[in-house]
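I opened this notebook to record what I looked up, item by item, while reading through one structure. Each entry keeps to what I could find there.

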Amino acid sequence: MLTEDPFSNSRAMSPSFSSVKPTELHTTLQAALDGEDLSIDQGVFLLEQEDGEAIAAIQQAADQLRQQLVGDTVTYVINRNINFTNICEQHCSFCAFRRDSGDDGAYWLNWATIREKTAEAVSVGATEICMQGGLHLDAKIDGKSLPYYLKLIHTIKEDFPDLHLHAFSPQEVEFIAREDQLTFEQVILALRDAGLGSMPGTAAEVLDDDVRKILCPEKISADIWLEIVETAHRIGLPTTSTLMAGHIETPRQQINHLAKLRQLQQTAQAQNYPACITEFIILSFVGEHAPKPLRRRVGRDQPVLNDALLLTAVGRLFLGKWIKNHQPSWVKLGLDGATEALRWGCNDIGGTLMEEHITSMAGAKGGTCQTAEDLKGAIESINRPTAQRDTLYRTLKKSFQ
Ligand code: SF4
């Protein structure tokens, strides 16, 4: 494991944007601030900067663009994560969460436990349940997968119909469709009609099939991921978007991924779809307990905060007006790292989660839960106003300093 201090270089302490000479860098940053869409080459150019002054200028521009687009308030959501099973048919090379049925540590929550966890979340003010699980071939009712997933929704919603259910990645949608021989649209419509409020844009990892062959060879291709997310938007189900970064991918693959997310938003707007992407989250790679081959290849176990921060800033500049809400992952970066990311273009600090398994089992040091007070305290420590939001970024409660 590397023992690198993530705050050890001078990126955050370098001179300001205004001191950088008018160069290609200045022109690129100004274009983003003027609302232009950066090209892929411009995005790669920003990510490849190594000089402290240049990185400080990128940070400052990202912070300024965040201010222009969404203001200073930093939002958080009170939510609970429920991973209903870790039994999974797939074998992603980064995954320390999955088990085969019968393995030590394999679990599959029963309905009573899911109900109990939901009630506990509501009792502390949660407005959202976030639910994802392994692709469990036995998770069926009457031999079909879809009724099992519908029952998950009913189990959450029957006692708490107003609770927002944010659940089921594009990979889970494909799994249900494949198992039950349905179209993606049929699956998403059935989930939506049963009460699903939005879908997490997870399982995206990096939307590049060469990277996916190594990270997640059994998962859906990049094109299928995009097709499922666009289908959700078309039929009115909002999604989030993610990028798993900091492993084997190149800067160009990162930017190509961002360009695909930007294109999804442009399509949603051009086609007048009733829903689109609500936020972008960078999921920095944590490999401490990941299977050894990938761990060895990546050569480090924990995220390098400086790399995550630069990518955060470039993500803000590249996605521009198309995706306005940017969230760091406190699970991956720790609460201090996530708080620092609020100075690099983020405007949301995420959710309380109450229990997180997937990344903590991979060896993340950020913890598995935060209280709303912890999240507010982190935001206030950098003198920014806080607001509790719902899943779709509607303000629920503001706190003024
Ligand atoms: S990442 Fe998800 S799909 Fe891949 S092995 Fe782990 S649980 Fe299964």
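The entries below go through the sheets, one cysteine and the helix contacts.

**Entry 1: the model.** I noted at the outset that this is a predicted model.

Entry 2: I looked up the order of the strands and found an open sheet that runs 8-1-9-10, with mixed pairing. I then asked which strands stand at the edges. They are strand 8 (348–351) and strand 10, and each has a single partner strand, so one side of each is left without a neighbour in the sheet. Neighbouring strands here are turned against each other by 20° on average, direction ignored. As background, I recalled that strands of a sheet pair through backbone hydrogen bonds, either parallel or antiparallel.

**Entry 3: the pairs within that sheet.** I took strand 1 (residues 74–77) and strand 9 and found that they run parallel, joined by three bridges. Val74 stands opposite Thr386 in strand 9. I next turned to strand 9 (residues 386–389) and strand 10, which run antiparallel and are joined by four bridges. Here Arg389 has Thr395 of strand 10 as its bridge partner. Strand 9 and strand 10 form a hairpin, and five residues lie between them. In the turn I noted Tyr393, with a positive phi of about 65°.

**Entry 4: the cover of strand 10.** I asked how many of the five residues of strand 10 (residues 395–399) are buried. The count is zero, and I recorded the strand as hardly covered.

Entry 5: I found another open sheet, in the order 2-3-4, where the pairing is parallel. Its edge strands are strand 2 (79–83) and strand 4 (164–167), and each pairs on one side only. The twist from one strand to the next averages 20°. Strand 2 and strand 3 (residues 128–132) pair in the parallel sense over five bridges. I listed two bridge partners in strand 3: Glu128 for Asn79, and Cys130 for Asn81.

**Entry 6: the cover of strand 3.**

**Entry 7: Cys88.** I located Cys88 in the loop between strand 2 and helix 4 (111–123). I then asked why Cys88 is classed as buried. Cys88 has 21 other C-beta atoms within 10 Å, and a residue is classed as buried because 20 or more lie within that distance. Leaving aside residues up to four places away in sequence, Cys88 touches Arg98, Gly134, Leu135 and His136. I also looked up Gln266, which is 178 residues from Cys88 in sequence and 34 Å from it in space, C-alpha to C-alpha.

**Entry 8: helix 2 and helix 12.** I found that helix 2 (residues 40–47) and helix 12 (residues 305–319) pack at an angle of about 155°, with axes 10 Å apart. Helix 2 is therefore roughly antiparallel to helix 12. Their crossing is right-handed. From helix 2, Gly43, Leu46 and Leu47 meet Leu310, Leu311, Val314, Leu317 and Phe318 of helix 12. I recorded this contact as seven nonpolar residues, one polar and no charged.

**Entry 9: helix 5 and helix 6.** The axes of helix 5 (residues 145–157) and helix 6 (residues 170–180) come within 8 Å and cross at roughly 140°. Helix 5 is therefore oblique to helix 6. Ser145, Leu146 and Tyr149 of helix 5 meet Phe175, Ile176, Glu179 and Asp180 of helix 6. By class I noted four nonpolar, one polar and two charged residues.

**Entry 10: helix 5 and helix 7.** I found helix 5 and helix 7 (residues 184–194) packed at about 25°, with axes 9 Å apart. The two helices are therefore roughly parallel to each other, and the crossing is right-handed. Helix 5 contributes Leu146, Tyr149, Leu150, Ile153 and His154, and helix 7 contributes Val187, Ala190, Leu191 and Ala194. This contact has eight nonpolar residues, one polar and no charged.

Technical notes: Residues numbered from 1 in each chain as written. Predicted model: local features only at pLDDT ≥ 70, side-chain atom pairs only at ≥ 80, totals over all residues. Axes fitted to C-alpha atoms, helices over the stretch in contact; angles between N-to-C directions. Parallel < 35°, antiparallel > 145°, perpendicular 65-115°, else oblique. Left-handed = near helix turned anticlockwise from the far one by under 90°. Contact = placed C-beta atoms within 7 Å. Nonpolar A, V, L, I, M, F, W, Y, C, P; charged D, E, K, R; others polar. Buried ≥ 20, exposed ≤ 12 C-beta atoms within 10 Å, placed from the backbone. Pairing = 2+ DSSP bridges.
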